[in-house]
Amino acid sequence: MTDLKLVGLCGSLRKASTNRLLMLEAVKRFGDAAFIEGDLSLPLYDGDLEADSGIPDAVQRLADQIAAADAVIVATPEYNKGISGVLKNALDWVSRTKGTPWANKPVALVSAAAGRAGGERAQNMARLCLTPFRPLLLTGPEVMVAATSKQWDDQGQLINELNAKALDELMQVLRRHAMAQQSF
């Protein structure tokens with residue numbers, strides 16, 4: 001069996017984002033794998049730009065990373081009761097590339113948010129936005145880190161035991177599906 005390839009998408013561009021911390025915590029709990037964080041610093045989707053210049057190199061690189069991955073972790077913040085523009089823009093751009101990079105790809109959604117629901121609405125919206133691409137969206141356990149500023153230690157480790165347990169289980173499920181993908 002070849003080494004597993006894992007791609008992470010963080011819907012926040014901020015380096016100190018707790019969604020980035022959550023994504024990196026998920027990667028550690030996933031276990032041994034080659035990991036790449038997809039770069040979502042993309043131009044805003046514009047049909048005229050696409051018609052004039054084609055798919056930007058950064059978009060094609062992201063689509064290729066998703067296509068080559070055995071599994072994907074999507075960490076979505078909740079901005080105004082939905083996913084970030086950054087994440088939606090990346091999904092829109094990747095949908096314009098050739099092929100179907102998301103098709104049958106195991107995808108785990110996680111979220112961290114300041115509010116008490118931990119990004120529940122953002123996860124629901126992310127599921128709606130990803131569904132047309134036909135990934136294998138894992139249904140759970142759901143990982144939604146609420147009051148996120150209080151859930152990390154000084155080293156950036158998740159300290160909430162309930163969330164940590166759910167994240168462990170979600171990553172075990174994602175790993176099983178990723179290994180099954182390699183069998184095809």
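Biologist: Which residues have the most contacts inside the largest nonpolar core?

Modeller: In this predicted model, the largest nonpolar core has 27 residues. The elements β1 (5–10), α1 (18–30), β3 (71–75), β4 (106–112), β6 (143–145) and α6 (161–182) each supply at least two of its residues. Those with the most contacts inside this core are L22, I73, V110, V143, L167, M171 and L174.

Biologist: Which element gives the largest share of this core?

Modeller: At least two core residues come from each of β1, α1, β3, β4, β6 and α6. The largest share amounts to eight residues, and its source is α6.

Biologist: With which residues is I73 in contact, leaving aside its neighbours within four places in sequence?

Modeller: I73 is among the residues with the most contacts inside the largest core. With sequence neighbours within four places set aside, the contacts of I73 are L6, V7, G8, L9, M23, A26, V27, A108, V110, M171 and L174.

Biologist: How many residues does the other core have, the one that lies apart?

Modeller: Among the members of this other core are L9, I66, A69 and V94. The number of residues in it is 26.

Biologist: Is V27 buried or exposed?

Modeller: V27 has its place in helix α1. Leaving aside neighbours within four places in sequence, V27 is in contact with L6, F35 and I73. Because its relative accessibility is 15%, and the limit for burial is under 20%, V27 counts as buried.

Biologist: How far apart in space are V27 and I159, C-alpha to C-alpha?

Modeller: In sequence, 132 residues separate V27 and I159. In space, their C-alpha to C-alpha distance is 16 Å.

Biologist: How many disulfides does a search of the whole structure find?

Modeller: A disulfide requires cysteine sulfur atoms within 2.5 Å. For C10, the nearest cysteine sulfur is that of C129, 16 Å away, so C10 is in no disulfide. C129 is likewise in no disulfide, its nearest cysteine sulfur being that of C10. The search of the whole structure finds zero.

Biologist: What relative accessible area does C10 have?

Modeller: C129 counts as buried at 16% relative accessibility. C10 is buried too, with a relative accessible area of 2%.

Biologist: Which elements give two or more residues to the lining of the largest cavity?

Modeller: The search finds one cavity of 30 Å³ or more, and the largest cavity has a volume of about 40 Å³. Its lining consists of A108, L109, Q123, R127, L138, T139, G140, P141, E142 and L170. By class, these are five nonpolar, three polar and two charged residues. The elements giving two or more are β4 and α5 (120–130).

Technical notes. Residues are numbered from 1 along each chain as its sequence is written. This is a predicted model: local features need pLDDT of at least 70, side-chain atom pairs count only at pLDDT 80 or more; totals for chains, interfaces and linings use all residues. Side-chain values use heavy atoms; hydrogens and water are left out. A nonpolar core is a set of buried Ala, Val, Leu, Ile, Met, Phe, Trp, Tyr and Cys residues joined through side-chain atoms within 4.5 Å. Buried means under 20% relative accessible area, exposed over 50%, partly exposed in between (1.4 Å probe, protein chains only). Helices (H or I, at least four residues) and strands (E, at least two) are DSSP runs, numbered from the N terminus. Contact means heavy atoms within 4.5 Å. On a 1 Å grid over the protein atoms alone, a cavity is a set of points where a 1.4 Å probe fits but cannot get out, and a pocket is an open set with protein on both sides within 12 Å along at least five of seven lines; lining residues have an atom within 4 Å of a point. Grid points are joined across faces, edges and corners, and a volume is the space filled by probe spheres set on the points. Ala, Val, Leu, Ile, Met, Phe, Trp, Tyr, Cys and Pro count as nonpolar, Asp, Glu, Lys and Arg as charged, and the others, Gly among them, as polar.
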